[in-house]
Amino acid sequence: DIETDGLNELEEVMARIYFAVEQYVNPEVKFYSLKELLDKGKSYNEIFDGPALQHGFISTEELADQPEVIIVSDLVKVVMQVDGVVSVKKLYVEIDGEANYTQIRINKGKVPRVIHKDLMMGESMGTIQFFKGTLKYHDLDVDGFKRHLNELVSEHKKSYRVKESSFEFPVVQ
């Protein structure tokens, strides 16, 4: 149950919630251009250390270890930070039909993803309920939700095509 302020479009609030939770449980790896990393003071050795990538460069210190456990109360905090959310009640995460109210254990080699099967199939809000005060919302424009979510993902996605001709190696004497 999520109480909203009623000032923001419900589909946009829902998209922000999904995006924020997804970024929390499975943070996006940020790619940089060569120039961006050089401007950050990285040396060529630091930049080119590791496997060759096709979509830019990764700053090693920004990579985080995959968590073994996700605490549900931490997800409440993430949702509470979303613009338009006033309160969160009765949050649980369902995995394979089992409700988890306290924590979720992530098996080694698995990557958590936020998927709501009803919304992805174009159906109603399913188990997520929105309120403004005691007034319950009954309709969610699923296409509007998907559009807002796609916009958020597109805004934060950045990749660079790395070509041999896109940079020059410094001459070492």
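A residue counts as partly exposed when its relative accessible area lies between the 20% under which residues are buried and the 50% over which they are exposed; R16, with a relative accessible area of 21%, is therefore partly exposed.

**View 1. Overall fold of the predicted model.** The protein, a predicted model, has six helices and eight strands, which follow one another along the sequence as β-α-α-α-β-α-β-β-β-β-α-β-β-α. Buried residues account for 30% of the 173 residues, and the accessible surface comes to about 12,100 Å², of which carbon and sulfur atoms contribute 51%. Among contacts between residues at least 6 apart in sequence, 73% join residues at least 24 apart.

**View 2. The salt bridge between D1 and K90.** A search of the whole structure finds five salt bridges, and in the one formed by D1 with K90 the closest N and O atoms are 3.3 Å apart. Because D1 lies in the segment before β1 (2-4) and K90 in the loop between β3 (85-88) and β4 (93-95), the pair ties together parts that are 89 residues apart in sequence. D1 is partly exposed at 22% relative accessibility, whereas K90 is exposed at 64%.

**View 3. The salt bridge between E12 and R16 in helix α1.** The closest N and O atoms of this pair are 2.4 Å apart, and the two residues, four apart in helix α1 (residues 10-25), are separated by about one helical turn. E12 is partly exposed, its relative accessible area being 25%.

**View 4. The salt bridge between D39 and K35 in helix α2.** Here the closest N and O atoms are 2.9 Å apart; D39 and K35 are four residues apart in helix α2 (residues 34-39), a separation of about one helical turn. D39 is exposed at 56% relative accessibility, and K35 is exposed with a relative accessible area of 56%.

Methods
Residues numbered from 1 in each chain as written. Predicted model: local features only at pLDDT ≥ 70, side-chain atom pairs only at ≥ 80, totals over all residues. Heavy atoms only, no water. Buried < 20%, exposed > 50% of the residue type's maximum accessible area, 1.4 Å probe, protein only. Contact = heavy atoms within 4.5 Å. Areas by Shrake-Rupley, 256 points an atom, 1.4 Å probe, with all protein chains shown as cover. Salt bridge = Lys/Arg side-chain N within 4 Å of Asp/Glu carboxyl O.
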